[in-house]
Amino acid sequence: KKKSKSCFVTMGREAVATAVQRVAGMLQRSDQLDKVEQYRRREARKKASVEARLKAAIQSQLDGVRTGLIQLHSALTDVKDIQSSLADVSKDWRQSINTIENLKDVKDAVVQHSQLASAVENLKNIFSVPEIVAETQQLIEQAELLQAHRKLMELECSRDDLMYEQYRMDSKNTSDMNLISIYFEDVQGLSDELAKQLWMVLQRSMVTVRRDPTMLVSVVRIIEREEKIDRRMVDRKKQTGFIPPGRPKQWKDKMFEVLEGTVSTRIEGTQAVTREADKMWLVRLLEITRKYVLDDLIVVKNLMVQCFPPHYNTFNSLYHNAVSIRVKELAAEDLEANEIVSLLTWVLNTYKSVEMMGHPELHSECDINQLEPLLPQDVVDDLLSKYVQTFTSNITGWLRKALETDKKDWQKETEPEADQDGYYQTTLPAIVFQMFEQNLQVAAQIDGEFKEQVLKLCLKQMNTFLIRYREEAVTYKEDHLRDRQLPQCYVQYMIAIINNCQTFKESINSLKRKYSQSSEPTDSDAAIERTLNEVAKEGCQFLLDEVFLDLEHHLNELLTRKWLTGSHAVDTICVTVEDYFNDFNKIKKPFNQEMTSEALRRVVVEYIKAVMQKRITFKNADERREGAERMIKEADQFKFLFRKLAGEDTDRLCGAIAAIAEVFKLTDPSLLFLEVTTLVSKYPDIREEHIQALLAVRGDASREMRQMIIGTLSENKVSYSGVTQPIFKDITVPTITMTTMTTMTSMATAKLLK
């Protein structure tokens, strides 16, 4: 009490303090004193409102407590009543134990009465069993299956009831059970005979549903009845431990087994031919399977579904499982490459397409997205791996044979065929890429990823093939050099080899655009591009070698005494080059342009080599002038010829001949240094030995002048940037050996003595 009183005192003080603060907050300004009465009335209203709510809350709490007390009192009364009733029940139960034991005889009498009632009820059926058996047998033979089953049910019901009553009376009395079984032994035979008829109808269900669908409906109704009886007998066994003989029959499970076997037999029976009789056996088999399955499922959807309960909707899965088993068997066989593709294309594409399971008429019954794969992924991967191995082996052989055939064409005495633009070509690129195209079309039927894999494999094999192609082209050239008369159309077929490189490039790009989703270059792409460029470049080089073998004699006449006195070597060179280039015009771009440029460079280099070999030394100014003018004229001839052939700028290369001619043409030796300097500035790849050779051919440069020119040029050497194509870089100047020096000294001594 003291503690409670102290708490109330504290709360009162806190309330007073709070009230003081609120009043102080209201009366902070002098003008608020006029509103004191207004504040007092407002606070009084608040106080009254709070007191009213407090009273209502307390009253509500008191009412709840009063109700709870009343209910507790009522519950206590009920508990006392129940306790009293339980005591009475317990007393009555103890008194009735003896009475229950005295009723055992009554219980036995009831059981016996039940058995006798059952026997009386089935007495008529018991005596008529042989007659009913005969009628049932006749109905089965007449295909009256529903009526036969009704009779069978009556027989089984009589037998089962008698056995059940015997079991209840004396479950260990097997002799009476056997007696009943023997009396009803024909019933089981009727059941088996009826089952055979049912299975026969189900096996011919596709025919039956068209001719007599009511027969199929009767079979399903019979099976449904037996299923219900099976469930009832199984439930009774759980309660009593008794189940009649032959139960459960499980005819529904047997029905699905029969249907599954029928579908499997239907699919397995589609193989009419073997590989030995027909190379297209698998394609025919798969097409027949597709047609049979589609036709059957359309019949199922339009006719058979109406004969079965909705929960029997398993025909799609039956066919799917049967097809899956069949294709697994096919996949396990030793299939060839084309057969693997046919099988995978059918499994991965055709099966779920509108031609089969995705057919518009099957949409309502079959969801292709819910179908399991016909083949496991590991089996598909194994088949793809086997196909790739076989394809790799086959394509290597095909490419080898194609190249051998093309090589035989190289030896022909007739020119190769030309395309629509007149360019020489052989059939090799068309054959190779026809093979690639066919295999890629086949791979594309399987899936996109496998198509990319086959494309990469084709490109890889192509690179290996082109390396072999290059080797054969080199061998072709070497064989020709042993006897230049053979083969007769060497030049034309070498042109065709070069053109094939461009055709290969175009065909590869076409394949990649058509069959590849990726635009990223691969290692094979770079290797193929490099090899094709090398084959074409070497082929052009071989043709130019052929040209310059014919020009060798005429090139050797350049810058000799015979040349100075009036040789037609350059005229012959120009005519020969132009004649060859009439054939070279049948080389495709860009190789023909590159070849023309290279031919011009080699002609100029060979001409300058003739100068550097110092075949002639001019004796006087007239010879130098005459030789220089001839060189300028011949340089113009080269310009005219190659401009005519290629339409390109030839000034720089031919200008080198003219620039050397200017060195020879100069009459004032004192200006020789300036002329040589001009030559070096135009062609910075020129070396000291080249200048010495030029001065030696000129014939009037003293030793001191040569040393001065060389020395000055060495001190002010012009750097070569390498931007323009070099001319003098590959030109060597022959050195004078000791033997040559001795010979020249002997000749000079003999001349002096003379």
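Leaving aside neighbours within four places in sequence, with which residues is Lys505 in contact?

1. Lys505 is in contact with Glu529, Leu532, Asn533 and Phe591, where contact means heavy atoms within 4.5 Å. Lys505 is placed in helix α17 (residues 490–515); helices (H or I, at least four residues) and strands (E, at least two) are DSSP runs, numbered from the N terminus. With a relative accessibility of 14%, Lys505 counts as buried. Buried means under 20% relative accessible area, exposed over 50%, and partly exposed in between (1.4 Å probe, protein chains only).

2. The model is predicted: local features need pLDDT of at least 70, side-chain atom pairs count only at pLDDT 80 or more, and totals for chains, interfaces and linings use all residues. Residues are numbered from 1 along each chain as its sequence is written, and side-chain values use heavy atoms, with hydrogens and water left out. The protein chain has a mean pLDDT of 85, and 92% of its residues reach 70 or more; pLDDT is the predictor's confidence in each residue, from 0 to 100. Over residues 737–754, pLDDT stays under 50, and the model has 1 contact beyond four places in sequence for them. Where pLDDT is low, the predicted coordinates should not be read in detail.

3. Phe591, a contact of Lys505, belongs to helix α21 (residues 591–612). Phe591 is buried, at a relative accessible area of 3%. Not counting residues up to four places away in sequence, Phe591 touches Ile498, Cys501, Gln502, Lys505, Ala536 and Cys540. From Phe591 to Lys352 the separation is 239 residues in sequence and 51 Å in space, C-alpha to C-alpha.

4. Which cysteine holds the sulfur closest to that of Cys540? It is Cys501, whose sulfur is 8.8 Å away, too far for a bond. Cys540 is buried, with 7% relative accessibility. For Cys574, the closest cysteine sulfur is in Cys654, at 9.4 Å, again too far for a bond. Cys574 is likewise buried, at 9% relative accessibility. A disulfide is a pair of cysteine sulfur atoms within 2.5 Å, and by this rule the count is 0 disulfides.

5. Cys574 also takes part in the contact between two helices. The axes of α20 (residues 569–584) and α22 (residues 621–646) come within 10 Å and cross at roughly 10°. Axes are lines fitted to C-alpha atoms, for helices over the stretch in contact, and angles run from 0 to 180 degrees between N-to-C directions. The two helices α20 and α22 are therefore roughly parallel to each other; angles under 35 degrees count as roughly parallel, over 145 as roughly antiparallel, 65 to 115 as roughly perpendicular and the rest as oblique. Residues of α20 in this contact include Val570, Ile573, Cys574 and Phe581, and those of α22 include Phe638, Leu641 and Leu645.

6. Two cis peptide bonds deserve a reader's attention. One runs from Leu486 to Pro487, with omega near -15°, and Pro487 lies in the loop between α16 (448–482) and α17. Another joins Lys589 and Pro590, with omega about 0°; Pro590 is in the loop between α20 and α21.

7. Positive phi values also occur in residues other than glycine. Gln250 has phi near 55° and is placed in the loop between α9 (213–240) and α10 (251–268). Gln250 is partly exposed, at 44% relative accessibility. Lys614 has phi near 55° and lies in the loop between α21 and α22. At 31% relative accessibility, Lys614 is partly exposed.
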